[in-house]
Amino acid sequence: MHACDKVALVTGAASGIGQALAVAYAQAGVAVVGGYLPGAPHDPAATSAKVEAAGGQCLMLPVDVTRAEQVEECASRAVAHFGRLDYAVANAGLLRQAALAEMSDAQWTEMIDVDLGGVMRVFRAAARHMADGGAMVAVSSIAGGVYGWEQHVHYSAAKAGVPGLCRAVAMELAPRGIRCNAVIPGLIETPQSLDPVNSLGPEGLSRAAAGIPLGRVGSAREIALLIRFLTSDDASYVTGQAVVADGGLTVRWPG
């Protein structure tokens, strides 16, 4: 066991926002238990190397967030390995394109089970192991969290549910001093958004940047730093909120 001052469980930690968050936590002296999906095209060792290069500690564990026992194992391993669990960030997500008229029940169920059910399972496991006064964050999306997205009804529905889940968790765990918030990223350059089949792809992101008031898409690190803030003591009076980080996209004047 390696005792640390603060310990964070982060799912989806092998790439994108999750990997950036693991590094950001390392830079703040927070140890990370990172969950990754076995068989996904991202090497968890890359996250471990980046965390260690930043002077941090990282334990990467395989986890399918649709499997309750695997999520529970991650939370319990965090306590067994580092001695405590202070933060939980439900970041693992699935993104698939499917037209409504052709969408199967299996496609719908899989998306909801990963992108919404996975959040519940992470928070449920964390609530059993987390010290009082901890913090939780779930990653929603501007698609569903604010806008609709054609060909992505299942994804938008799941992401729209995340802020509501966080509000309820915030109220339920407030007596223990545990805070819970949602982050709603706008257009962020990640392996997921760079997928030209299921998301915008590089060309789509480039075109979209022209409509963002700040004139660019966001970086994974920018979202990671927001999440780190929301779990930190600097946000000690913030709970039950859904924070949009989108470069001004949703507040621009149309035209």
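Below we go from the whole chain down to a few single residues.

## Ground rules

This is a predicted model, so a local feature needs a pLDDT of at least 70 and a side-chain atom pair counts only at pLDDT 80 or more, while totals for chains, interfaces and linings use all residues. Residues are numbered from 1 along each chain as its sequence is written, and side-chain values use heavy atoms, with hydrogens and water left out.

## The whole chain

The protein chain has nine helices and nine strands. Both kinds of element are DSSP runs numbered from the N terminus: helices are H or I with at least four residues, and strands are E with at least two.

How does the radius of gyration fit the rule for a compact globule? For 255 residues the rule gives a value near 18 Å, and the protein chain has 17 Å, which agrees. That radius is taken over C-alpha atoms, and the rule itself is 2.2 Å times the number of residues to the power 0.38. Along its principal axes, the C-alpha trace spans about 55 × 40 × 35 Å.

## Inside and outside

Of the 255 residues, 49% count as buried. Here, buried means under 20% relative accessible area, exposed means over 50%, and partly exposed is in between, with a 1.4 Å probe and protein chains only. The chain exposes about 11500 Å², and carbon and sulfur atoms supply 54% of that. These areas come from the Shrake-Rupley method with a 1.4 Å probe, and for residues only the protein chains shown count as cover.

Now for who touches whom. Contact means heavy atoms within 4.5 Å. Among contacts with a separation of 6 or more, 75% are between residues 24 or more positions apart.

And the charges? The 18 positive and 23 negative ones have mean positions 4 Å apart. Lys and Arg count as positive and Asp and Glu as negative, leaving out His and the chain ends. Each charge is placed at NZ of Lys, CZ of Arg, CG of Asp or CD of Glu.

## Two pairs of rings

How many aromatic pairs does a search of the whole structure find? It finds two. In the pair Tyr25 and Tyr87, the ring centres are 5.8 Å apart and the planes are at 20°, so this pair is stacked. Tyr25 sits in helix α1 (residues 16–27) and Tyr87 in strand β4 (residues 87–90), so the pair ties together parts that are 62 residues apart in sequence. Both tyrosines are buried.

Trp149 and Tyr155 make an edge-to-face pair, at 6.0 Å centre to centre with 80° between the planes. For the labels: rings of Phe, Tyr and Trp (its six-membered ring) pair if their centres lie within 6.5 Å, with planes under 30 degrees apart called stacked, over 60 edge-to-face, and the rest tilted. Tyr155 is buried, with a relative accessible area of 5%.

## Around the α6–α7 loop

Gly148 is in the loop between α6 and α7, and it is exposed at 65% relative accessible area. Its C-alpha atom is 9.4 Å from that of Ala160, 12 residues away along the chain. Gln151 belongs to the loop between α6 (142–145) and α7 (153–173) too. Its phi is near 70°, a positive value in a residue other than glycine. For background, most residues other than glycine have a negative phi. Gln151 counts as partly exposed, at 36% relative accessibility.

Ser156 lies in helix α7 and is buried, with a relative accessible area of 10%. Not counting residues up to four places away in sequence, Ser156 touches Ala143, Gly144, Gly148 and Trp149.

Find His42 in the loop between β2 (31–36) and α2 (44–53). At 30% relative accessibility, His42 counts as partly exposed. Leaving aside neighbours within four places in sequence, His42 is in contact with Ala14, Ser15 and Pro191. Pro191 is 149 residues away from His42 along the chain, yet their C-alpha atoms are separated by 9.4 Å.

Ser232 or Tyr237: which one is buried and which one is exposed? Ser232 lies in the loop between α9 (220–231) and β9 (242–245), and Tyr237 is found in the loop between α9 and β9. Ser232 counts as buried, at 18% relative accessibility, while Tyr237 is exposed, at 82%. Leaving aside neighbours within four places in sequence, Ser232 is in contact with Tyr87 and Arg179.
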